[in-house]
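Visitor: Please put the structure up, and then I will ask about its parts.

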Amino acid sequence: MLTIDALHVTYGGAVQALRGISMEVPDGKVVAVLGSNGAGKTTLLRTISGTLRLHRGKVESGSVRYGDSVLGNRDPAQTVRLGLVQVPEGRHIFGRLTVEENLRAGGMGNKDKAAKARARDRVYEMFPVLEERSAQRGALLSGGEQQMLAIGRALMASPQLLLLDEPSLGLAPRIIGQIGEVIAEINRQGTSVLLVEQNATMALGVADLAYVLDVGEVSLSGSAKELARTDEVQRLYLGHDSDEPRQRAGVASGKTLSRWTA
Amino acid sequence: MTQFLSLLLNGLSLGALYALIALGFVIIFKASEVVSFTHGSLLLLGAYSIARLSDRIGFLPAVLAGVALTAAAAFVIERVVINRLRGAPVISLAIVTIGIDIILLTELIRRIGSDILNVPHPWGGKSFRIGDVGISQNRLIATAVAGVLIVAFFLAFKYSSWGVAMRASAEDGETAALMGIRLGRVSALAWIVAGALAAVAALFLVGAPTPGVSAAAYTVALRAFPAAILGGLDSTGGALVGGLLIGLAESFAAGYQDQLLFLGRGFGDVVPYVVMIAVLLVRPSGLFGTKELTRV
């Protein structure tokens with residue numbers, strides 16, 4: 001289980017990106033993190049995966065623990081060996097490597113040959129198109145296929161917890177639906193998922209639990225189903241405008257979210 | 001015609017040696033994002049240690065020890081300096097490597113002095129004739145060894161885990177780290193390989209027709225820089241082509257010196273740089289270099 005406790009993160013010692021976030025990702029669940037640009041979603045993932053330092057970020061206080069291990073100041077490669085793998089935002093597949101080499105790169109942290117072979121079979125079973133295109137360069141795949149490759153590449157390390165950073169970014173609605181199904185399937189096969197998304201419809205559809213981040217703080221949290229019914233989420237993330245009298249659902253809410261207007 | 005063939009053969013063998021040095025230069029750039037100016041002194045270190053050790057422990061053990069020593073020196077430079085400065089601007093890192101180069105070079109020149117150290121190659125200074133075309137045995141063996149090493153390198157780069165890790169982290173370091181690839185290890189390995197390749201090149205570069213190890217061997221290594229740069233700093237294939245081009249250009253310019261006399265004596269020594277400038281004027285990122293690199 002991933003436990004985050006009162007986490008404060010700053011960039012360059014001045015910019016506060018996270019201001020006391022606490023959350024949990026229980027084993028075997030899908031947890032969604034929603035929030036608009038600048039809410040701290042990516043910073044949260046960087047802290048977990050250990051790439052914060054590369055961006056000159058620093059954990060000021062609080063902790064991130066996975067089982068018995070303390071994360072936050074580890075090397076990203078060590079984090080992968082603990083069983084946490086992140087699919088980066090914007091896919092970041094290796095465009096000059098072939099599809100197969102991309103998958104090999106994903107399995108680098110996995111020393112066990114048999115486990116690697118099993119992981120590859122699983123990836124090809126889940127994404128048959130990757131097997132068809134295994135000798136093609138990654139850059140030649142379509143956006144949706146690249147996202148499949150990015151997820152498949154991460155699965156090559158046989159993670160226990162998969163971190164997904166905006167997998168729907170820049171994809172067609174039909175493909176986003178497929179990504180949702182893929183996440184559900186990965187979870188069914190026993191991998192916990194932390195899903196950071198702006199597309200609330202897809203995220204809340206697939207998640208068990210959800211958190212809403214607002215300027216570095218958790219503003220709402222609860223089960224995904226309940227959250228999807230709340231007025232704020234409806235209004236701000238699901239696009240249903242309701243001018244009816246506000247009805248709060250029974251969800252812990254610290255403050256009222258305001259619509260961003262410019 | 002005989003002269004042409006002879007120059008061609010000598011140019012190719014010289015070019016293969018430049019290609020070995022340039023390959024090391026390129027993989028260091030790919031793995032550590034450093035333009036490493038330490039290669040000249042690493043090469044001299046390889047030549048010097050082989051020459052000094054072969055008096056005591058014999059030729060072959062000395063070669064192995066010299067290659068290992070140079071690889072170890074490259075590894076130490078990476079661990080102690082480069083790895084700690086990860087993420088620093090490319091320019092600062094390049095200047096740091098110039099500093100390291102000067103320190104190492106000064107010490108080596110102090111030790112060598114004005115002597116010319118002899119490396120007792122078992123094949124000596126004999127030359128080999130195919131018909132009328134002559135080439136020193138040293139250069140012939142050099143071509144064969146360099147060819148084998150280059151093929152082995154490209155196979156490893158294409159198929160081995162090291163190669164995949166290396167290419168992945170060269171393309172996108174942060175993502176490679178997220179996938180569990182240890183960037184520090186990839187970078188250290190690149191330096192070790194580069195050091196070893198430089199030492200092997202040194203072994204042959206100080207043999208016939210060159211008289212032996214003197215401080216001048218350093219300038220030989222400098223000619224591998226234009227080879228790497230004109231091929232495109234981030235392209236291993238480019239390093240190979242660049243190395244051969246520079247070797248051929250140098251050999252022909254030196255061989256046809258009499259016809260080129262209007263350019264002045266010793267034109268062969270500057271021709272690598274002339275070729276490099278000519279190529280860069282047409283293709284600023286080198287023959288096979290990635291375009292994006294020009295924005296760094």
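**Folds and contacts of two chains**

Guide: In chain A, 67% of the contacts between residues at least 6 apart in sequence join residues at least 24 apart. Two residues are in contact if their C-beta atoms, placed from the backbone, lie within 7 Å. This is a predicted model, in which local features need pLDDT of at least 70 and side-chain atom pairs count only at pLDDT 80 or more, while totals for chains, interfaces and linings use all residues. Residues are numbered from 1 along each chain as its sequence is written, and chains are lettered from A and ligands numbered from 1 in the order in which they are written.

Visitor: What radius of gyration does chain A have?
Guide: The radius is taken over C-alpha atoms, and the globule rule is 2.2 Å times the number of residues to the power 0.38. For 262 residues, a compact globule would come near 18 Å. Chain A agrees, at 18 Å.

Visitor: In what order do the six strands of the open sheet in chain A run?
Guide: Strands (E, at least two residues) and helices (H or I, at least four) are DSSP runs, numbered from the N terminus. Two strands pair if DSSP finds at least two bridges between them. Pairing in this sheet is mixed, and the order is S6-S7-S8-S3-S9-S10.

Visitor: Which strands of that sheet stand at the edges?
Guide: An edge strand here has a single partner, so one side of it is left without a neighbour in the sheet. These strands of chain A are S6 (84-87) and S10 (217-223).

Visitor: Which residue stands opposite Leu84(A)?
Guide: S6(A) and S7(A) (residues 161-165) run parallel, joined by four bridges. In S7(A), the residue opposite Leu84(A) is Leu161(A).

Visitor: How many residues of chain B are in contact with chain A?
Guide: Chain A brings 21 residues to these contacts. Helices H2 (76-82) and H3 of chain A each supply at least two residues of that side. On the chain B side, the number is 16.
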